[in-house]
Amino acid sequence: MSEWQPVIGLEIHVQLKTRTKMFCRCENVRGEEPNTRTCPVCLAHPGALPVLNGQAVEWAILLGQALGCAIAKRSLFHRKNYFYPDLPKGYQISQYDQPICGEGRFVVPRENDQLEVGIVRVHLEEDAAKTVHVGGTAGRIQGAETSLVDFNRGGTPLVEIVTAPDLHNADDARLFLQLLRQTVVELGISDAEMEKGSLRCDANVSVRKLGEEGFRTKTELKNMNSFMFVARGIEAEVERQIGVYEGGGAVEQETLHFDPQSGKISSLRSKEEAHDYRYFPEPDLVAVEPDAAMIDAQASQLPEQPATRLRRLETTFGLSFYDAQVLNGSPAMVALFEAIVEAGVDAKASANVLQNQFSAAGVDPTAVDAGELAKVIEARETLPRETFTTALAHSGDADFAAAPYLEDAAVSDTAELGPLVDAILEANPDLVNAFRAGIEGLLGFFVGQVMKETQGKADPRVVNELVREKLSG
Ligand SMILES: [Zn+2]
């Protein structure tokens, strides 16, 4: 097993959440009644002409920049011809040899190093309609009685991201995909939810002997709809290919389906059935030629990348990779963290409270007054646990203030407690003598008196120590 090296490249489709579809003014929404968001353009009525969605172009450029891609000065749409019921035109408008974004590089931070994944291209296209297979099992076409087509999805703007075959195990593929998803979501251009199909991933998989140059035959694993299934699908396919080679066979180029239920891989189509798409330039659309001003405008809108932010949390605040990673899951949480540290709270303690008790309280981090929350976190060791939890739970309230909660803080100041202990000892000379004569159980009595005098706000550990010290003095 170990002498084989998996070689994995990913093709990721991301549905853009533009207001309208890619080439028409139909609303780009999910979950509506089937076939209610359609028009002559996305239903391919004769003579209907596509009009390019400018927002989709801008977002593709924004994404390309986040992935370190070169933005093409001139980019073309092509017709990708194939016949299927989900494609009323008989072709998909896509991009071929002149995509909107060229080569790039995406860096995925890991604990002690980083994973660098080459981006081959990012291009724009339209989504096909959604086919629903009725009857049969698991919604698949095999064994279905009828198939229905919902054209609402047809024409949804898509970007396709193609990586270089730089990934060498399933875990790295998952790691890459998770960070890519976070990047896309934070750009605000897609919900990128795998379960809902707004982020879809295909994997090109081959194996080769360690040290071997070049690549062997690859297969394509289609449409795995969760991060876990992507990883498991790749693992299963790598294992299958190694088995084929070790059994003296040859891997065939084919498109495969991974069934997460059974863990089995089955063939969707072989090389002989592969499509010849007969790409040719789309005559109804002009070339996209973004000028420098447009590219700069997108660059200026790029937020801090999740990968950069993660490293900053490690280096600037001295957080462990694990803590930085947990916190980095939410930019709002990071902003709150930074404000709390700014207010003087220790970084490690702030991270700890935020990712544990604060997260558990389910408070919206953007609603929190960081200065007030900082006071609560600062006092956490002297607050009764319940007071601390309650304060965190209310930290998002509009009128939240730390002061009322801090009143519950335990008194742990010996300068304040000392005279009180002295007074109690003075008032009970007989008991003091009894303690000194060996009745150590009386310690609890004195501690109890102090707690009573402070209405329970004294820190029992401090009181215990103080009383013992004074009794033996
Ligand atoms: Zn339409």
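**Sheet architecture and overall form of the predicted chain**

Strands β11 and β12 run antiparallel and are joined by 6 bridges; strands here are DSSP E runs of at least two residues and helices are H or I runs of at least four, numbered from the N terminus, and two strands count as paired if DSSP finds at least two bridges between them. The model is predicted, so local features need pLDDT of at least 70 and side-chain atom pairs count only at pLDDT 80 or more, whereas totals for chains, interfaces and linings use all residues. Residues are numbered from 1 along each chain as its sequence is written.

On the parallel side, β11 (residues 254-259) pairs with β10 (residues 219-224) over 3 bridges, and threonine 255 of β11 is the bridge partner of glutamate 220.

An open sheet of 8 strands with mixed pairing has the order β4-β5-β8-β1-β9-β10-β11-β12. Its edge strands, β4 (104-109) and β12 (264-270), each pair on one side only. Neighbouring strands of the sheet are turned by 30° against each other on average, direction ignored. Strand β1 (residues 4-15) runs antiparallel to β8 (residues 157-163), with 5 bridges between them, and valine 14 has valine 159 in β8 as its bridge partner. Helix α2 (residues 170-187) lies across β1, β4, β5 (114-126) and β9 (199-209), at about 20° to β1; axes are lines fitted to C-alpha atoms, for helices over the stretch in contact, and angles run from 0 to 180 degrees between N-to-C directions. Contact requires C-beta atoms, placed from the backbone, to lie within 7 Å.

Turning to the whole chain, the secondary structure comes to 15 helices and 13 strands. The radius of gyration is 31 Å, well over the 23 Å that the globule rule gives for 473 residues, so the chain is more spread out than a compact globule; the radius is taken over C-alpha atoms, and the rule is 2.2 Å times the number of residues to the power 0.38. The C-alpha atoms fill a box of roughly 105 × 55 × 50 Å along the principal axes.

Notes. Two residues are in contact if their C-beta atoms, placed from the backbone, lie within 7 Å.
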